[in-house]
Amino acid sequence: MLPYQTLDEASAALGRNLTYAETLWFHYSARKSDYFLYCHTILFLFFVFSAIPLPLVFIELARLAGFDRYKIQPKARLSSAEVFRCYKDVMRMFFLVVGPLQLVSYPSIRMIGIRTGLPLPSGWEIFAQLLVYFMVEDYSNYWIHRFLHNKWGYEKIHRVHHEYTAPIGFAAPYAHWAEILILGIPSFLGPAMVPGHLVTFWLWIALRQIEAIETHSGYDFPWSPTKYIPFYGGAEYHDYHHYVGGQSQSNFASVFTYCDYIYGTDKGYRYQKKLFEKLKGELKTGVEHNGGSYHISTQDLKSD
């Protein structure tokens, strides 16, 4: 709840006129408690989990020919019933684990210093803090993910997430309840180290989940803006991790690829990708010499 009764009081306290965004924030948050504002996180997560994957699900179920070339595992198709079961299980975990966790975690948010007042952070401040959050989460998530691939961690917890060897957008948050709690730690570390405004925290939570949905989409779209992010893994990178499954000791990165490169856990992926490119080149050359047309998918090579 803001300590100002009017816009004039807020302007006087800041020593300047409020920006348009700050005026909107004042009108919305002035009379609402900080706890009530923080609980909006639940609504954002529900929207992201439910709405963001829908275009990908439509493409998957409609079998749109123009998009088939971008599907990473074209032979792996889920029925509408299987897709709905995935979403239903995600929502069950959302209402039993994710939602209640948000409701009871408010004291920790206050303790680390997430603020709700004015002024709002600048664009550069938001960008810098989000960059820190992504880097911290990526590094800590890498090691937790590696731990979950040991014999005990995989069999007791992580195997649930790997039920989808060809993941879809809805499967991004599909996991054992213990994994949801454990992986909440890396997501919280960045804001704990560099606390910012609640708006920045909301952006962080939403962007991290949208990124997870994109990497679990099962489609590698060449026009994705994430293609221009240095060291970004993306859908094809993480899809390999799911395809290999429980025996995978490769591609543990959640967002960026530098940890896998530094610690040598992407060697299998890089070797297989290099082999695929060589085989595709040889096949394409052979078909062209025979005057035919060429088309081969990554999964065709994997199944050989």
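Arg63 is partly exposed, with 36% relative accessible area. The model is a predicted one. Arg63 sits in the loop between α5 (54–62) and α6. Phe231 belongs to the loop between α12 and α13. The relative accessible area of Phe231 is 59%, so the residue counts as exposed.

A cis peptide bond joins Leu118 to Pro119, with omega near 5 degrees. Pro119 is placed in the loop between α8 (106–112) and α9 (123–147).

The search of the whole structure returned 27 aromatic pairs. Phe67 and Trp223 form an edge-to-face pair, with 6.4 Å centre to centre and 75 degrees between the planes. Phe67 lies in helix α6 (residues 65–68) and Trp223 in the loop between α12 and α13, so this pair ties together parts that are 156 residues apart in sequence. Phe67 counts as partly exposed, at 25% relative accessibility.

Trp223 also pairs with Tyr70. That pair is edge-to-face, at 5.1 Å centre to centre and 85 degrees between the planes. Here too, distant parts of the chain are linked: Tyr70 is in the loop between α6 and α7 (80–104), Trp223 is in the loop between α12 and α13, and the two are 153 residues apart. Tyr70 has a relative accessible area of 19%; the limit for a buried residue is under 20%, so Tyr70 is buried.

Lys32 lies over the face of Tyr28, at 4.1 Å from the ring centre.

The whole structure holds 1 cavity of 30 Å³ or more. About 40 Å³ of space lies in the largest cavity. Its lining consists of Glu211, Thr215, Gly233, Gly234, Tyr237, His238, Ala253, Ser254 and Val255. Two helices, α12 (198–215) and α13 (234–244), each supply at least two of the lining residues. The largest share, 3 residues, comes from α13. By class, the lining has 3 nonpolar, 5 polar and 1 charged residues.

Terms used. Residues numbered from 1 in each chain as written. Predicted model: local features only at pLDDT ≥ 70, side-chain atom pairs only at ≥ 80, totals over all residues. Heavy atoms only, no water. 1 Å grid on protein atoms, 1.4 Å probe; cavity = no way out; pocket = protein on both sides within 12 Å on 5 of 7 lines; lining within 4 Å. Points joined across faces, edges and corners; volume = space filled by probe spheres on them. Helix = DSSP H or I, 4+ residues; strand = E, 2+ residues; numbered from the N terminus. Nonpolar A, V, L, I, M, F, W, Y, C, P; charged D, E, K, R; others polar. Phe/Tyr/Trp six-rings, centres within 6.5 Å; stacked < 30°, edge-to-face > 60°. Buried < 20%, exposed > 50% of the residue type's maximum accessible area, 1.4 Å probe, protein only. Lys NZ or Arg CZ within 6 Å of the ring centre and 35° of its normal.
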